[in-house]
Amino acid sequence: QFAKPEDAIKYRKGAFTVMAAHFGRVAGMAQGKIPFDAKVAAQNAEVATFMSTLPFAGFGPGTDKGETRAKPEIWAEMDKFNAGAKKMQDEMAKLNAAAKSGNLDAIKAAAGEVGKTCKGCHDDYRKE
Ligand code: ASC
């Protein structure tokens, strides 16, 4: 899928960046930092949900070294890492459903759960 390990690293970072941009808009509305617009929230949740499926293809063998903050524990604990990825994707899908409903309270709750999954993995698997 990737010609070189650095291509995979670039890919996964790009996918996380795009996911974060779109999740961030929904999270911003959930936190009252951005005015709530149900249509915009739904559009951004949809993109974040799709993007959540992409980054993990970029953590293949040999992609532990290079321009990355990914800790070696990822490859030593790949099952646990993948379980964390799945949890994030599941919570993001719930946020997507909440955003489609247009219910701000449901969006707030679901966005909080997504944020916890982001932070959990960063605490365990991302260098400062
Ligand atoms: C975001 C983002 C993260 C998470 C994290 C949640 O919007 O870019 O990495 O939420 O800050 O704690």
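Okay, let's start with the ligand: helix 5 supplies the largest share of the shell around it, 4 residues. Helices here are DSSP runs of H or I with at least four residues, strands are runs of E with at least two, and both are numbered from the N terminus.

Quick housekeeping. This is a predicted model, so local features need pLDDT of at least 70 and side-chain atom pairs count only at pLDDT 80 or more, while totals for chains, interfaces and linings use all residues. Residues are numbered from 1 along each chain as its sequence is written, and side-chain values use heavy atoms, with hydrogens and water left out.

Back to the ligand. Who sits around it? You'll find Ala20, Phe23, Gly115, Cys118, Lys119 and His122, where being near takes a heavy atom within 4 Å. On its own the ligand exposes 310 Å², and the protein buries 56% of that; those areas are Shrake-Rupley with a 1.4 Å probe, and for residues only the protein chains shown count as cover. Helix 1 and helix 5, which is 104-125, are the elements giving two or more residues to the shell. By type, the shell has 3 nonpolar, 2 polar and 1 charged. For the record, Ala, Val, Leu, Ile, Met, Phe, Trp, Tyr, Cys and Pro count as nonpolar, Asp, Glu, Lys and Arg as charged, and the others, Gly among them, as polar.

Now the helix packing. Helix 1, residues 5-30, packs on helix 2, residues 38-51, at about 150° with the axes 8 Å apart. That makes the two roughly antiparallel. The cut-offs: under 35 degrees is roughly parallel, over 145 roughly antiparallel, 65 to 115 roughly perpendicular, and the rest oblique. Axes are lines fitted to C-alpha atoms, for helices over the stretch in contact, and angles run from 0 to 180 degrees between N-to-C directions.

Which residues meet? From helix 1 they include Ala15, Met19, Phe23 and Met29, and from helix 2 they include Val40, Ala45 and Met51, with contact meaning heavy atoms within 4.5 Å. That contact divides into 12 nonpolar, 2 polar and 1 charged.

Next, helix 2 against helix 4, residues 78-101: the axes come within 8 Å and cross at roughly 155°. So helix 2 is roughly antiparallel to helix 4 as well. Among the residues meeting there are Ala38, Ala45 and Glu46 in helix 2 and Met92, Asn96 and Lys100 in helix 4.

Met19, Phe23 and Val26 in helix 1 meet Met88, Met92 and Leu95 in helix 4. That's 6 nonpolar, no polar and no charged. And Phe23, remember, is also around the ligand.
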